[in-house]
Amino acid sequence: MSVSPFAYDAAPMRVRFGVGVVDSLPEEIARLGLRRVLVLCSPEQEETGQAVARALGDRSAGVLARARMHVPVEVAREAARHAADLGADGCVAVGGGSAVGLGKAIALEHGLPVVAVPTTYAGSEMTPVWGLTEDGRKRTGKDRRVLPVAVLYDPAFTVGLPVGMSITSGFNAIAHAVEALYAPDRSPVVSLMAEEGARAMVDALPRVAADGADLDARGTALYASWLCGACLGATTMSLHHKLCHALGGTLDLPHAPTHTVVLPHALAYNQAAAPDAVAALSRAWTTPNPARGLWDLAGSLGAPRSLRDLGMAEADVERIAAEVVGNPYANPAPVTPTGVTRLLRAAWAGEPPPDR
Ligand code: NAD
């Protein structure tokens, strides 16, 4: 065995995991020296936000149920003002990437620490990446201040996530692990987390699909999403994430379903150029062709497999290919116009990924 040179920054945060762990929020908030925290969530999860505020008792400054996908800048500004008016000294973001994203936007403006209670598998709570959307354009950046200081993973808080969304959110998480395995800045620790995250998520998803209230399956999926999110926070993503950003940003395709459709194709594109990643995923999923295994899994779980079904017009294939090739991310296989167009055509039509 030989180990290549690497750099690895451990994220300075505390993670707690377990059913009922949200009950320890007051203790965790006190441990951080915070006294009055604003609870953030989406309008659809206001009841969950209120439950968290109740668990916080007199350390809650209230609930702001305004989080929305891609963090519109007006919402972020209003939330930051609201937090300042209430004299909040921190935020608790309860929900998926949208709620965590709102917490990050407030942290960016006022430096208030964020505690996250994730209820999807998107993984934003593990990254220092923020995003803000203004006039239809999303800006993103990296800032250590937006990385949550503590994350409480409570499987009981994920039971309400509808099964269909759970599956696509799980694929979103797997995408982080897959691309971490062939990232230019991968490291042995991150690769271990990626292989285990990919393994655990594929173990969990059929069980979640069979019974969305199965707390054991939910726990495995949430554990996997922690690992996959940590991979996202620690490495540079490649072609798959670039494709999804272009499809989401330019065509407004839905975040997690787009990841689900594109991932088997992006992985197939890279398999020949990333033998170590293929070996890790083959071990994790006991299949010689991980890309095909993912595509089959999506089919067996009733998840989307075609961009056409997500509302993309065939005419947009060339446009998105040009956008991706014009400003590519680092990638193990060369990013060529012919290769990316072929990939997008197959993903658009719902064809299986080619054997490579
Ligand atoms: P989301 O947060 O928008 O949630 C989708 C919907 O599901 C919302 O209506 C939400 O209220 C609801 N929901 C979430 N959990 C639920 C639960 N347990 N029960 C019932 N309903 C629930 O979706 P997402 O996929 O988690 O996040 C997507 C957003 O996060 C995008 O804007 C994406 O760009 C961003 N993101 C950012 C990063 C990062 O590192 N900055 C990483 C991943 C995703």
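Q: Which residues in H5 meet which ones in H6?
A: On the H5 side they are Val 163, Ser 166, Ile 167, Gly 170, Phe 171, Ala 173, Ile 174, Ala 177, Ala 180 and Leu 181. They meet Val 190, Ser 191, Ala 194, Glu 195, Ala 198, Met 201, Val 202, Leu 205, Val 208 and Ala 209 in H6. Contact here means heavy atoms within 4.5 Å, and the helices (H or I, at least four residues), like the strands (E, at least two), are DSSP runs numbered from the N terminus.

Q: What should I know about the model itself?
A: This is a predicted model, where local features need pLDDT of at least 70 and side-chain atom pairs count only at pLDDT 80 or more, while totals for chains, interfaces and linings use all residues. Residues are numbered from 1 along each chain as its sequence is written, and side-chain values use heavy atoms, with hydrogens and water left out.

Q: Thanks! At what angle do H5 and H6 pack?
A: About 160°, with the axes 9 Å apart. Axes are lines fitted to C-alpha atoms, for helices over the stretch in contact, and angles run from 0 to 180 degrees between N-to-C directions. H5 and H6 are therefore roughly antiparallel (under 35 degrees is roughly parallel, over 145 roughly antiparallel, 65 to 115 roughly perpendicular, the rest oblique).

Q: Is that crossing left-handed or right-handed?
A: H5 passes H6 in a left-handed crossing. That term applies if the near helix is turned anticlockwise from the far one by less than a right angle, and right-handed applies if clockwise.

Q: And how do H5 and H10 cross?
A: Their axes come within 8 Å and cross at roughly 140°, so H5 and H10 are oblique to each other. The crossing of this pair is right-handed. Ile 174, Val 178 and Leu 181 of H5 make the contact with Ala 277, Ala 280, Leu 281 and Trp 285 of H10.

Q: What's in the loop between H5 and H6?
A: Ser 187 has its place there, with H5 covering 163–181 and H6 covering 188–210.

Q: Is Ser 187 buried or exposed?
A: Ser 187 counts as buried, because its relative accessibility is 4%. The cut-offs are under 20% relative accessible area for buried, over 50% for exposed and in between for partly exposed (1.4 Å probe, protein chains only).

Q: What does Ser 187 touch?
A: Setting aside residues up to four places away in sequence, Ser 187 touches Phe 6, Ala 7 and Tyr 8.

Q: New topic: how do H9 and H11 pack?
A: H9 (residues 255–271) packs with H11 at an angle of about 165°, and their axes are 8 Å apart. That makes the two roughly antiparallel, and H9 passes H11 in a left-handed crossing. Thr 260, Leu 263, Pro 264, His 265, Leu 267, Ala 268 and Gln 271 of H9 make the contact with Pro 290, Ala 291, Leu 294, Trp 295 and Ala 298 of H11.

Q: Which charged end sits over the ring of Trp 295?
A: That of Arg 305, 3.5 Å from the ring centre. Likewise, the charged end of Arg 308 sits over the ring of Trp 348, 4.6 Å from its centre. The test is NZ of Lys or CZ of Arg within 6 Å of the ring centre and within 35 degrees of the ring normal.

Q: Where is Asn 289?
A: Asn 289 is in the loop between H10 (275–285) and H11 (290–300). Its 16% relative accessibility counts as buried. Beyond its neighbours within four places in sequence, Asn 289 is in contact with Gln 271 and Asp 355.

Q: Back to H9, where Thr 258 has its place. Which residues does Thr 258 touch?
A: Not counting residues up to four places away in sequence, Thr 258 touches Cys 244, Leu 247, Leu 253, Leu 307 and Leu 310. At 1% relative accessibility, Thr 258 is buried.

Q: Last one: how many aromatic pairs does the search find?
A: One, in the whole structure. The ring centres of Tyr 223 and Trp 226 are 6.3 Å apart and their planes are at 50°, so the pair is tilted (centres within 6.5 Å for rings of Phe, Tyr and Trp, using the six-membered ring of Trp; under 30 degrees is stacked, over 60 edge-to-face, the rest tilted). Tyr 223 and Trp 226 are three residues apart in H7 (residues 215–234), so about one helical turn separates them. Tyr 223 is partly exposed at 27% relative accessibility, and Trp 226 is partly exposed at 27% too.
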